[in-house]
Structures are given as structure tokens and as C-alpha cells.
Amino acid sequence: MKIIVKDSAADASAAVADMLLQQIGKKQDSVLGLPTGGTPLGVYARLREAYRNGQGSYKFLTTFNLDEYIGLSSNDPESYAAYMLENLFGHVNIDISRTHVPRGSALDAETEAARYESLIAAYGGIDLMLLGLGRNAHIGFNEPGSPHNSRTRRVALTQSTLDANAAYFPAGAVQPSHAITMGIGTILECRKIVVLATGQGKADAVAASVKGPPSEDVPGSALIRHADITIVLDRAAAANLDYAQTRELEA
Ligand code: PGA
């Protein structure tokens, strides 16, 4: 496990954007796993800016998003499909038919989850997965209690997650209570994992995930087992890790 601590959230986002650019530069037909939420917005902004400056080609990429709300179609402005279009896909030369987000409007969420798993396998798995970390250390929508070998499936969101994401829903909009998420087992199969966490609100989740031991109560702690994981933090999110530990884990 490698931990990189940057002075600011902007610097951390820039470092992660560079890692993504490096990956797609090295392997043009990479399969990327992508997150939504507040944290990656700075990364996507950097990628858009880089693209405007001629850096990065998305032409041969395939992407798989981590999760989607059940009950929202991709046209719904609060859907994660719409988020991806607005923040990245609509701005770069990506082939939209190779950008995958679980279908939140599917009639049967479990069937959709199984289809999504098969699709990831059909593309040969994910080369690089970018993850955020929830305040309760969730990864994707794998809430505390999720088995570390879980697969893509229908899940209920916890109150902490509903509260954290309420701000993204305008007054009067119905906030979905369930989602389809890649499982922790699915995530652990990705060849490389990059986690970005910024802000003081994530400091406890970061410390619980990094310090271990792996526990189902702390979904992020499953990541300790992964052979190629880089955690990028700003100082605020790293506040509960001591310096010696950060140094040690940088190896
Ligand atoms: P946030 O969410 O980036 O909106 O804080 C992170 C997550 O829930 O994974």
C-alpha cells in the first residue's frame, strides 16, 4: 500500500488525474473503473482541462462506473450516468457505447447486477479503479456490513450515506434508498486501485481503513489486502494517520 499526502485537495486531485493520464497514455484501450460524488469532481475538472490542452485520448477506453441509484434512468439529472456525462464523458473523445453505468431503471436490479458483472468479465476485468471513500468508509455503495467477497448487487443505503448525498437532490426530488453497486470482491479484482479522500470529514474513515485489521464494519479496510493500491489524501484526510505510519506505508 502506498499513501501519498498532498497539501491540498486540489493537489491531491491533480496527482490522481496524472495517474489516470499515465494509465491511458500507457495503454490506450485501458478499462477504467470510475466513481461519482463530490471527491472526484476536481479530478474530472483536471482531465477536462488537460484534454482541452491536447493531453489524453479516450478514444479506445472502456469505463465501468461503480454504482447507480435504483429507480433513476440515465436521463435523470441526479443519476450517476448523467453526472459522468456532465463531468467527463461529454467533454472528451470517448465512445459513449463503451462507457458503462449500472442501469438504475432496470426492471430487475439483481438481473442487471449479474449482467454488469458479466460485462466487466467480458472486457477482461478493470485495469485501474478510482475510488472515493464514504464518511462511514463505504466503497462504492458497499456499506458497513458488506462481505469483502461481495459481488455487484442491489443494496440499501445507510442513513449516513443518504444524509451525505441529500445535498445533490433538489428540493422535492425523491432520493432513492437503494442502489446497484460493484461488490467489494469485484473491486478487489481490479488490477490497480487508486483511492482519493479529501477533507477532515474523511479522516476517521481513512484511518480505520488504513490501520485495519480488515473488518466488515469498515468496507475500506478490505483494500489493505490489495497488491497494488495507492491512497491519495490531502492533509486534512490524513490527520488521523501518524507521520511514521504514513512514511512506513509509502514503501
Ligand atoms: P463524496 O463521497 O466524494 O461525495 O464525499 C465519496 C463516497 O461516498 O465514496
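**A buried pair of tyrosines and the chain around it**

Tyr 69 and Tyr 80 are both buried, meaning under 20% relative accessible area, with exposed over 50% and partly exposed in between (1.4 Å probe, protein chains only). This is a predicted model, in which local features need pLDDT of at least 70, side-chain atom pairs count only at pLDDT 80 or more, and totals for chains, interfaces and linings use all residues. Residues are numbered from 1 along each chain as its sequence is written, and side-chain values use heavy atoms, leaving out hydrogens and water.

Start with the rings. Rings of Phe, Tyr and Trp (its six-membered ring) pair if their centres lie within 6.5 Å; planes under 30 degrees apart are stacked, over 60 edge-to-face, and the rest tilted. The count by this rule is nine aromatic pairs. In one of them, the ring centres of Tyr 69 and Tyr 80 lie 4.9 Å apart with planes at 40°, so this pair is tilted. The pair links distant parts of the chain: Tyr 69 sits in strand β4 (residues 67-69) and Tyr 80 in helix α3 (residues 80-87), eleven residues apart. Helices (H or I, at least four residues) and strands (E, at least two) are DSSP runs, numbered from the N terminus.

Tyr 80 has another partner. The rings of Tyr 80 and Tyr 83 have centres 6.5 Å apart and planes at 75°, so they meet edge-to-face. Both residues lie in helix α3, three residues apart, or about one turn of the helix. Tyr 80 and Tyr 83 are both buried. Which residues make up the aromatic cluster? Tyr 44, Tyr 69, Tyr 80, Tyr 83, Phe 141 and Phe 169 form one cluster.

Now step back to the whole chain. Its secondary structure comes to eight helices and ten strands. The radius of gyration is 17 Å, close to the 18 Å that the globule rule gives for 251 residues, so the chain is as compact as a globular protein of that length. This radius is taken over C-alpha atoms, and the rule is 2.2 Å times the number of residues to the power 0.38. Along the principal axes, the C-alpha atoms fill a box of roughly 50 × 40 × 40 Å. Of the 251 residues, 53% are buried. Take the contacts (heavy atoms within 4.5 Å). Among those between residues at least 6 apart in sequence, 81% join residues at least 24 apart.

Where does Met 182 lie? Met 182 is in the loop between β8 (178-181) and α6 (184-188). Its relative accessible area is 0%, so Met 182 is buried. With residues up to four places away in sequence not counted, Ser 13 touches Gly 42, Val 43, Arg 46 and Leu 196.

Two backbone details remain. Ala 137 has a phi near 70°, a positive value in a residue other than glycine. Ala 137 sits in the loop between β6 (128-131) and β7 (153-156), and is buried with a relative accessible area of 4%. A cis peptide bond joins Gly 212 and Pro 213, with omega about -5°. Pro 213 is in the loop between α7 (203-211) and β10 (229-234).
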